[in-house]
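User: I would like to learn how to read helix ends, sheets and pockets in a model. Could you take me through them in turn?

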Amino acid sequence: MLRNRWSAIRLRFVAELNPPTPRLSGEMPYVPMEAIGLGGGLCVDTTRNIDQESSGLTYFQDGDVLIAKITPCFENGKCALATGLPDGHAVGTTELHVLRCGPRLRPKFLFYVVQSHTFRQAGEASMTGAAGQKRVTPEFIANYGVLLPDHVEQDAVVDFLNRATLEIDELVAKKQRLIELLEEKRAALISRAVTQGLDAGVPMKDSGVEWLERVPAHWRLGRVKWLARTQSGGTPNSQDAGLYGGEIPWLRTLDLTNGPVSNAPILITEEALMQIAGDVLPTGSVLIAMYGGEGTIGKFGILEIEAAVNQAICAILPCAAVLPTFLGTYIEFYRPFWMADAQGTRRDPNISQDIVRRLMVPLPPVAEQQRIAEYVEREATKLQRIAAGCRATIGRLREYRSALITAAVTGQLDLKKHEKQMEALA
C-alpha cells in the first residue's frame with residue numbers, strides 16, 4: 001500500500017467544476033455525446049454557429065476533463081481529456097460536466113481518476129432524476145474524495161497507465177479487428193451459398209438480376225409476390241392497459257434477431273387483435289423489419305410460435321416453394337440492398353410490403369435449399385463461437401484495464417514492482 005504518502009481531498013478544492021462560460025460568438029468546434037469515447041477519446045469534426053445557437057452549450061478548453069452526466073453514458077464510461085482543440089477551446093452537449101484542474105492536480109491524473117471503478121460506482125449510486133433521465137449531480141463530483149500524491153508521483157502514475165492502457169487497448173483493437181474479419185467471412189459464406197450453391201462444378205447461367213449475376217443453371221427465380229402471401233399488423237392503443245397481458249404473442253422489430261423467434265416479451269388480448277385488424281401468423285412465417293433506419297431495416301426472424309406483429313413488420317407466410325430457413329438466410333444476404341429501395345427521410349428510411357413483395361429470390365430444389373441452410377448454420381455457428389470468444393476476451397481486458405486504473409489512482413499499486421512483473425511476462 002502506498003496511500004500513506006497520499007493526501008485525501010475533495011475535488012472542489014483542487015479543480016473547478018463547470019467553470020463560467022466566456023462570451024462566445026462565431027463558428028466553434030462542437031462535440032456531441034456520440035463524439036466522446038468510452039474510457040477516453042474525443043472527436044472534433046463538426047462546428048456550431050454560436051450566434052445562431054438558441055439552446056445551451058457546454059464550454060471547455062484544452063486541459064479540461066469532460067464527464068458525461070446522463071445515464072447510460074456515465075455508467076458506460078464516456079469521458080475525455082480535451083487536448084489539441086482548434087484555437088484551444090470548443091463547445092459540447094449540455095449533458096457534460098467539465099473539470100478544470102488547479103495547480104495541485106495534473107489533468108491526465110484526473111482523467112484516470114474519473115475512469116476508476118470507485119468514481120463510477122459512487123457516481124452511479126448518487127444519480128438523481130426519473131428512470132432513463134438520471135444524471136450525476138455537480139454536488140457529487142465537487143465532493144468526491146480523491147487520494148492525491150505530489151506531482152512527481154502523479155506523473156509516474158500517468159506514465160505507467162499511459163503505457164499499460166495502450167498495450168491493453170492494442171490487444172482489444174486486434175480482437176475487434178478479428179471479429180470484423182469473422183463477420184466479413186460469415187457474410188461471404190452466406191453470399192456464396194445462397195447465390196451459387198454448394199457445388200462449385202455445376203453449370204451456371206445469367207440470372208438477369210444485376211446484384212445476383214450468375215446462378216446455378218438448374219435454379220429457378222421468383223419474386224416473393226409470386227411465391228407467397230405477405231401480411232403486416234398493427235399496434236394496440238398503448239394507453240389502454242386492458243389490451244395487454246393477454247395470451248397472444250405480439251412482436252416488434254426489436255424482437256427480431258436474424259434467427260428463430262421462439263418467444264415474445266409482450267402478450268396482447270383478443271380485443272387488441274381485433275383493434276389492429278391483425279391475424280395470428282403461423283409458424284414458419286418469415287418476418288422482415290420494414291422501419292427503423294439502416295440498423296434495423298431488413299432484420300429478420302423465423303416464427304417458431306404463432307404470433308401477431310406490429311405495423312413495422314412484414315411477414316412472408318409459409319409456402320411450398322421456399323423453406324423458411326433458406327429464405328431467412330437469403331434475406332440476411334440481401335439486407336444491405338434494402339437501403340437502395342428505402343423511402344422516407346434520410347434519418348427515418350423505411351421499406352414497404354410492396355418492396356418486400358418485389359424481392360427476387362433464387363430457388364434451388366427444396367432438398368438443396370435444406371442442405372444450403374444447414375451448411376450455413378453449421379459454418380456460421382463455428383465463426384460465431386470464435387467471435388464470442390473474442391468478445392469475452394475483450395470484456396476481460398476492459399475489466400482488467402479498469403481495475404488497473406483504479407488500483408493505480410488510489411495508491412494500491414506498487415508501480416515499479418508491477419512493471420517488473422509485466423516485463424517478466426513479456
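Analyst: We begin with a cut-off: a polar contact is a pair of N or O atoms within 3.5 Å. The model here is predicted, and in it Asp150 caps the N-terminal end of helix 4, with a side-chain oxygen 3.2 Å from the backbone nitrogen of Val152.

User: What span does helix 4 reach from its first C-alpha to its last, and what is expected?

Analyst: In an α-helix there are 3.6 residues a turn, so residues three or four places apart point the same way. Helix 4, residues 151–196, reaches 65 Å with its 46 residues, close to the 68 Å expected at 1.5 Å a residue, and just after helix 4 comes Gly197, with a positive phi of about 80°.

User: In which order do the four strands of the open sheet lie?

Analyst: Strands of a sheet pair through backbone hydrogen bonds, either parallel or antiparallel. The order in this open sheet is 4-3-8-5, with mixed pairing. Strand 4 (46–49) and strand 5 (58–61) each have a single partner strand, so one side of each is left without a neighbour in the sheet. Strand 3 (residues 27–31) runs antiparallel to strand 4, joined to it by four bridges, and Pro29 stands opposite Thr47 in strand 4.

User: Which element gives the largest share of the lining of the largest pocket?

Analyst: Helix 4 does, with six residues. The largest pocket holds about 730 Å³ of space, and its lining divides into six nonpolar, 12 polar and eight charged residues. In the second largest pocket, of about 450 Å³, helix 9 gives the most to the lining, with eight residues.

Methods:
Residues are numbered from 1 along each chain as its sequence is written. This is a predicted model: local features need pLDDT of at least 70, side-chain atom pairs count only at pLDDT 80 or more; totals for chains, interfaces and linings use all residues. Side-chain values use heavy atoms; hydrogens and water are left out. Two strands pair if DSSP finds at least two bridges between them. Helices (H or I, at least four residues) and strands (E, at least two) are DSSP runs, numbered from the N terminus. The expected span of a helix is 1.5 Å times one less than its number of residues. A polar contact is a pair of N or O atoms within 3.5 Å; within protein, one must be able to donate a hydrogen and the other to accept it, and residues adjacent in sequence count only if both atoms are side-chain atoms. On a 1 Å grid over the protein atoms alone, a cavity is a set of points where a 1.4 Å probe fits but cannot get out, and a pocket is an open set with protein on both sides within 12 Å along at least five of seven lines; lining residues have an atom within 4 Å of a point. Grid points are joined across faces, edges and corners, and a volume is the space filled by probe spheres set on the points. Ala, Val, Leu, Ile, Met, Phe, Trp, Tyr, Cys and Pro count as nonpolar, Asp, Glu, Lys and Arg as charged, and the others, Gly among them, as polar.
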